[in-house]
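The following exercises concern the contact between two chains. Each task is followed by a worked solution.

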2 protein chains.
Amino acid sequence: MVPNELYQYSVLSALMSGAATSGVPLSHILSHGNHGLGTFQRLEGEMIVLDGSAYQMKSDGSVIPNLERDHGDQIIPFAMVTCFQPSVTETIIFDSKQDLADKISALLPRTQNHFLAFRIDGVFEQVGVRTVGGQLSPHESLTDVGKRQATHTFPSIRGSIIGFRSPAYFQGISVAGDHMHLISEDRKFGGHLQACRATEQVTLRAVAIQRLDLQLPKDDDFRDANLGVDDEGIQAVEG
Amino acid sequence: MVPNELYQYSVLSALMSGAATSGVPLSHILSHGNHGLGTFQRLEGEMIVLDGSAYQMKSDGSVIPNLERDHGDQIIPFAMVTCFQPSVTETIIFDSKQDLADKISALLPRTQNHFLAFRIDGVFEQVGVRTVGGQLSPHESLTDVGKRQATHTFPSIRGSIIGFRSPAYFQGISVAGDHMHLISEDRKFGGHLQACRATEQVTLRAVAIQRLDLQLPKDDDFRDANLGVDDEGIQAVEG
């Protein structure tokens, strides 16, 4: 694995349109990176990959750990991973997701046309996460699945955030802006990060990425998907 | 080189915004493919790559051949190349660029969400090509450079067309739809293809591409470029 190249399987608009039945085995995804996020077949939960281990965070609040050991054949319809070697490490506090975004931008200036990969470790407060609970039928759109998403809030949680920032011109292929998944240190809670703050110092590590390896699916769902970019829908479900 | 993977350096919106001073050596581009198209530093002409050879088609009508021999260090700010192994070969006639597009679609059905690479060899009629003549100043936009482009028409010309089709959701990163450059068999004329037809059988070879290797520039021009997608501008200058 070459460090700090982004491997992405499929495009976000395909998920938005409900193409989530087919994919590649998790083991294939993990051969391209040790740090990342994604989802599972039929949108059954949120994926986080850190230190080479993958976790499935489900809408019932449970987390299936270390998928790479026994579930490497699990089908993944969308994922972004990299072999993470941060170029900067800083301790920060932040008030909100926007404040966090601003602090990342300050740490890696003039990267608005590049991708960023980052990780934050520490104690987070006023944490809101959501987890999607799966399609009720094939091709159900992510927007509709998202309407039934479970949301959990935690006053305080020690854990890790794994994130990618994609440039604005990538909206639809991935999520323009910051896309973050969180997991607790005990690996028992987590999901797609909707809100959080850090009033005590947390450790932010980040790097800019200039190379993307994008693999498009060949299956019928993807071939027939309407991949028009749905800005509002992406903002609603991934923002 | 793995066959039928698309390597792209930079994004079209960067060219649109005038970021065309920096880039990578031509030899780097050619290490990723034997079939492709692009442009040159300061938008000085149109690039075509076929059978591993690169040509610079200039606005004065001249063509510099076999750049790989003596000009491998020439700076390329944007290019798309692949190691071309067609999956289909057909002889066709066509009335217009749109008719050609329809015939390619019929030959590779259900590929609207994938990339295509293709090549057409034979005698073309009512050919219109344009060549951009270079920036008058750094950062002059492709739209403005395009306003001074040279256009040449040929009643009939034997030659080759090298093309890529990009899916609609890639507009701005590349040219959504078909992007074609043409060169004459004697390698003395060519440019960006604006119009043509074929009333005698020509040979079309094509393949679908599901993997993209996208390299983003790191230079200041790219970092600071406004990469908002300019649909109308792209259509005007690359359509």
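A polar contact is a pair of N or O atoms within 3.5 Å; within protein, one must be able to donate a hydrogen and the other to accept it, and residues adjacent in sequence count only if both atoms are side-chain atoms. The model is predicted: local features need pLDDT of at least 70 and side-chain atom pairs pLDDT 80 or more, while totals for chains, interfaces and linings use all residues. Residues are numbered from 1 along each chain as its sequence is written, chains are lettered from A in the order written, and side-chain values use heavy atoms, without hydrogens and water.

**Exercise 1.** Determine the polar contacts and salt bridges between chain B and chain A.

Solution. Step one: 24 residue pairs are in polar contact, both residues at pLDDT 80 or more. Step two: the rule for salt bridges (a side-chain nitrogen of Lys or Arg within 4 Å of a carboxyl oxygen of Asp or Glu) finds six across this interface. One pairs R110(A) with D224(B), whose closest N and O atoms are 2.7 Å apart.

**Exercise 2.** State how strand 14 of chain A and strand 14 of chain B pair.

Solution. Strands are DSSP runs of E, at least two residues, numbered from the N terminus; two of them pair if DSSP finds at least two bridges between them. Here the pairing is antiparallel over five bridges, with strand 14 of chain A spanning residues 211-215. Within it, R211(A) stands opposite Q215(B).

**Exercise 3.** Count the residues of each chain in contact.

Solution. With contact taken as heavy atoms within 4.5 Å, 29 residues of chain B touch 29 residues of chain A.

Methods
Helix = DSSP H or I, 4+ residues; strand = E, 2+ residues; numbered from the N terminus.
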